[in-house]
Amino acid sequence: MRILVLGGDGYLGWPTALHLSQAGHDVAVADNFVRRQYDFELGVESLVPIESLQTRVSAWREHTGKDIAVYVGDLCDHDHTLGMLRDFRPEAVVHFAEQRAAPYSMIDRKHAVYTQVNNVVGTLNLLYAIAEVDRDIHLVKLGTMGEYGTPNIDIEEGWLEIEHNGRTDRVLYPKRPGSFYHLSKVHDSHNIEFTCRIWGLRATDLNQGVVYGQQTPETALDDRLATRFDYDAVFGTVLNRFVIQAVLGHPLTVYGGGGQRRGIIDIRDTVQCVQLACENPADRGEFRVFNQMTESMSVKEIAETVARCYPGDVTIENLENPRVELEGHYYNVTHTRLLDLGLSPHLLSDTLITSLFDVAKRHAHRVKAPALQPKVNWRDHASPVQET
């Protein structure tokens with residue numbers, strides 16, 4: 001299968017491209033490298049050094065003999081997007097190419113507008129390009145569990161059967177996102193569903209939980225194939241950040257009481273989920289939703305797990321929550337469709353966390369400690385950019 005991975009230079013896009021290539025697919029990646037620019041803006045860098053995309057692709061060819069084509073450009077440039085699809089002629093497009101951090105979108109007006117324009121317009125351009133080039137192309141879009149918020153009912157996989165005044169219907173599950181980033185993902189989902197219904201496109205929306213981990217079997221082959229490891233309070237995911245804090249001897253900073261529950265997933269399962277979605281495409285005109293997570297934990301439970309696994313002394317510190325969110329809430333998520341397709345999940349284990357400690361210790365000298373502390377406040381519409 002010919003698969004185009006958008007955002008193929010990123011934390012998840014790069015290991016996904018390698019995994020699909022190793023599975024025998026003809027893979028191309030596309031990126032505009034803006035994620036690397038965010039690091040310059042925020043004064044941070046990946047904990048694990050990452051090579052240029054060109055070096056990564058060459059290293060993969062050295063190890064496997066497999067080629068990965070590279071396209072450089074911006075989805076917000078429709079001519080580029082259309083030309084890329086016409087040139088590569090993919091059967092599936094995996095879409096990671098968005099600004100992915102809730103805190104980044106909440107810094108100020110400029111960052112909120114940038115996030116919405118970049119994500120929504122880029123995805124709209126992609127939908128128009130698919131419609132023009134080949135409506136059989138299967139779009140596999142990375143969404144987020146954060147689209148749902150924390151409703152007081154079970155979270156179904158994208159759709160909800162309702163009864164009202166004696167009549168029934170099937171509607172998109174109500175969304176109550178918690179940041180301008182998550183809102184952009186909701187807008188994407190609505191736009192994609194609309195084009196499936198009106199134009200007959202086919203799409204799978206992967207509402208993904210918080211990803212943890214840094215290595216897949218493919219990235220572990222060579223240091224030049226490593227993917228990012230973000231630890232800062234803007235782009236770093238919570239478990240990865242706690243691991244760094246434990247290694248440095250810093251308190252694990254839990255926002256509020258820590259009762260906020262999150263769906264979580266191992267990076268090795270993320271790449272497996274994308275493969276399953278690509279190899280089992282949606283039907284023409286179908287907008288299907290998979291909740292891409294394997295288990296749920298509260299932030300407090302994640303901190304306690306890291307503290308228990310670390311061989312040294314670890315303390316947990318509760319900070320005033322910079323976000324506006326419920327800290328004690330009902331959270332029950334249906335996530336069976338990927339299991340039905342054959343997902344064999346890696347649940348969070350002591351072994352996995354120990355391996356993350358090893359990664360963190362190896363590169364601890366690269367940590368900029370002030371970046372671990374939250375500087376973006378949801379209640380302040382003009383928060384200062386992260387200072388490091």
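**Entry 1: a pocket**

I began with the second largest pocket, whose volume is about 240 Å³. The model is a predicted one, in which local features need pLDDT of at least 70 and side-chain atom pairs count only at pLDDT 80 or more, while totals for chains, interfaces and linings use all residues. I number residues from 1 along each chain as its sequence is written, and side-chain values use heavy atoms, with hydrogens and water left out.

I noted the terms of the search: on a 1 Å grid over the protein atoms alone, a pocket is an open set of points where a 1.4 Å probe fits, with protein on both sides within 12 Å along at least five of seven lines. A volume is the space filled by probe spheres set on the points, which are joined across faces, edges and corners.

Which residues lie nearest the centre of the second largest pocket? I found Val-48, Asp-223, Ala-226, Arg-362 and His-363 there, out of 15 lining residues (an atom within 4 Å of a point). I sorted the lining into six nonpolar, four polar and five charged residues. In this sorting Asp, Glu, Lys and Arg are charged, Ala, Val, Leu, Ile, Met, Phe, Trp, Tyr, Cys and Pro are nonpolar, and the others, Gly among them, are polar.

I located Asp-74 in the loop between β3 (69-72) and α4 (78-88). Helices (H or I, at least four residues) and strands (E, at least two) are DSSP runs numbered from the N terminus. Asp-74 counts as partly exposed because its relative accessibility is 30%; with a 1.4 Å probe and protein chains only, buried means under 20% relative accessible area, exposed over 50%, and partly exposed in between.

Leaving aside residues up to four places away in sequence, I listed the contacts (heavy atoms within 4.5 Å) of Asp-74 as Asn-32, His-80, Thr-81 and Asn-118. The Asp-74 side chain also reaches the backbone nitrogen of Cys-76 at 2.9 Å.

I then looked up Phe-33, which is 41 residues from Asp-74 along the chain, with 9.1 Å between their C-alpha atoms. Phe-33 sits in the loop between β2 (26-31) and α2 (34-42). Its phi is near 65°, a positive value in a residue other than glycine. Most residues other than glycine have a negative phi. I recorded Arg-89, in the loop between α4 and β4, as another non-glycine residue with a positive phi, about 55°. Arg-89 is partly exposed because its relative accessible area is 47%.

**Entry 2: salt bridges**

How many salt bridges are there? I count 25, taking a salt bridge as a side-chain nitrogen of Lys or Arg within 4 Å of a carboxyl oxygen of Asp or Glu.

I looked up the bridge between Glu-98 and Lys-141, at 3.0 Å from N to O. This pair links distant parts of the chain, 43 residues apart: Glu-98 is in the loop between β4 (92-95) and α5 (102-105), and Lys-141 is in strand β5 (residues 138-144). Both Glu-98 and Lys-141 are buried.

In the bridge of Asp-67 with Arg-61, the closest N and O atoms are 2.4 Å apart. Asp-67 is partly exposed at 49% relative accessibility, and Arg-61 is partly exposed at 36%.

Arg-268 pairs with Asp-266, the closest N and O atoms being 2.9 Å apart.

Finally, I noted a network of salt bridges that links Arg-35, Asp-39, Arg-100, Arg-228 and Asp-230.

Conventions. A polar contact is a pair of N or O atoms within 3.5 Å; within protein, one must be able to donate a hydrogen and the other to accept it, and residues adjacent in sequence count only if both atoms are side-chain atoms.
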